[in-house]
Amino acid sequence: MSRHGAARDASQLDRRLAALNDARELAEGVLPDATLEDVFRLLERASSRRSLSADHTVVGFFGATGSGKSSLFNAVSGAEIATAAARRPTTSEPLAGVWGADGSEPLLDWLEVRNRHHAVPVAGFADEGTGLILLDLPDFDSTRAANRAIVERMVGLVDVLVWVLDPQKYADAAVHNDFLAPMAAHGAVTLVVLNQVDRLPERDVEPVLESLRGILARDGLGKVQILGASALTGIGVDRVRGAIRGVVTQRQALSQRLGADVTRASRKLSEVSGVGEAAGVRPSSTSRLTDELATAANVPLVVDAVATSYRLESTRRTGWPVTRWLLRFRSDPLRRLNLKSSSPSQLNRTSLPPAGAPERARTDAAVRAFADAASEGAPGPWRAAIRGAAREGRDALPDALDQAIAGTDLMTFRKSWWWGMFNVVQWLALAIVAGGLGWLGVLAGLAYLQLPVPEVPRVEGWPLPTLMIAGGVVLGIFLALTGKVIGAGAARARAAKARKRLRAAVREVAGDLVVEPVEIEVSRLSSFNTALKAAGGT
């Protein structure tokens, strides 16, 4: 493989490992901890292996008791590195045959392989420049738990896996279910050898190999290389050597192994996560949530109070002065609700009725409906995370909404321009009435005292003082009625503005406590899916 090709593969592997780590971090708190810990350990292994010798390829021989694994190891190595079965019935710890000692020690230390043998060159297979480490490993079906633990650990560490099977137990469920099927993604770095074919009649060798191919295909390893061999007679040993040498000389085993690990981890994450994207936060859903929270927070009551308060204040300022004083006995609804206070809004609280069971139920239902709509299409664990994010701020909603309402400018101290004009004219009309009454009073006093009474000016035959009284009263009542009509229209307009501002305040609270947390979780799912796709190499 060219240097540029190796650099390209390394760069791609870097991106996939980084994407897998991103997916793992994004899934924290959502997916099972055990799965995320497995991914983390994989990333640590990958980092450790890549920091060690890239010039060596580690090939592990795995097999069951009686499969002739150690004998095949010796035959491939060209020397009695592993003790023959007659003297050593089972392999109890890893043993390494090393071609190319320079740089191999730290790698073998990491693999925890203490038994190391500097192998002699084998023509056409390996020499000091090959950079090959063959490992003879304990039997995976050993009754000793320590031996099986070694095998399970090495399955996750070696660059190339050579599975040695025998004609009697090649279909054993233990090897297929526990090892081969879970490693289906590692077909490119897996070699299966059917050893001891010399025990089979020649006519049965190919049918047994075909049967093994079928079983491996069901395991997901349909493209894996399968070879027949006999360590005893030497049949097929050169083909096994050739297959191993081909993998080693390409210098791709390490990248392929780690790439397969990333693929497997990505699939596992996908399995526990599920597939799908959340529908996300729609404007219509946010609008419905705002409406429901506004209703639960008594915004309609506040809007009505704004309109009523404006009408009262309008009448106090533009009504007939003779009767407007009666309005002092009517309380301002905004003051009753503590919404007409000059204290800082952050210190203010309303006197709105506290949220009862119906309001709390309405709030819960609104938050739940919003979360359900936003999480639609999301896989189960992520849907639960989105709903959980929406519920987290639910308990803080009543107080936050109350403070938002208290801090909303309801224009309670804002005067209307026409009040002053109506008020001046009202007092002028009252002054005219008072003038007419005074005039008539003076005339009555003069007549009572038998003093000369001056002639009163008339208009169309009506005494001017009488016209002043009548005109002032009519004008005052007309202005009062007109002011009520204008005030009612202005009250509706001010109530509409108050509703808009209150709704904006409720929307902001909903955004902080419900919408934004949900959006974060939806975005986290989208980023997770993107990272998982990149980690899978698609």
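These legends go with close-up views of the cavities and nonpolar cores in a predicted model.

**View 1. The largest cavity and its lining.** Searching the whole structure turns up 2 cavities of 30 Å³ or more, and the largest comes in at about 70 Å³. Sorted by class, the lining has 7 nonpolar, 5 charged and 1 polar residues.

**View 2. The second largest cavity.** This one has a volume of about 30 Å³. Its lining includes Phe 140, Val 164, Leu 165 and Tyr 170, along with Asp 166, Lys 169 and Asp 172. Ala 64, Ser 67 and Val 175 line the cavity too. By class that makes 6 nonpolar, 3 charged and 1 polar residues.

**View 3. The largest nonpolar core.** Here we have 70 residues, and Leu 20, Leu 269, Leu 289 and Phe 528 are the members that touch the most others. Helix α18 (residues 464–535) is the top contributor, giving 18 residues to this core.

**View 4. Zooming in on Leu 20.** Setting aside neighbours within four places in sequence, Leu 20 is in contact with Val 39, Leu 42 and Leu 43, and also with Val 262, Ala 265, Ser 266 and Leu 269. Ala 535 is another contact of Leu 20.

Technical notes
Residues numbered from 1 in each chain as written. Predicted model: local features only at pLDDT ≥ 70, side-chain atom pairs only at ≥ 80, totals over all residues. Heavy atoms only, no water. 1 Å grid on protein atoms, 1.4 Å probe; cavity = no way out; pocket = protein on both sides within 12 Å on 5 of 7 lines; lining within 4 Å. Points joined across faces, edges and corners; volume = space filled by probe spheres on them. Nonpolar A, V, L, I, M, F, W, Y, C, P; charged D, E, K, R; others polar. Core = buried A, V, L, I, M, F, W, Y, C linked by side-chain atoms within 4.5 Å. Buried < 20%, exposed > 50% of the residue type's maximum accessible area, 1.4 Å probe, protein only. Helix = DSSP H or I, 4+ residues; strand = E, 2+ residues; numbered from the N terminus. Contact = heavy atoms within 4.5 Å.
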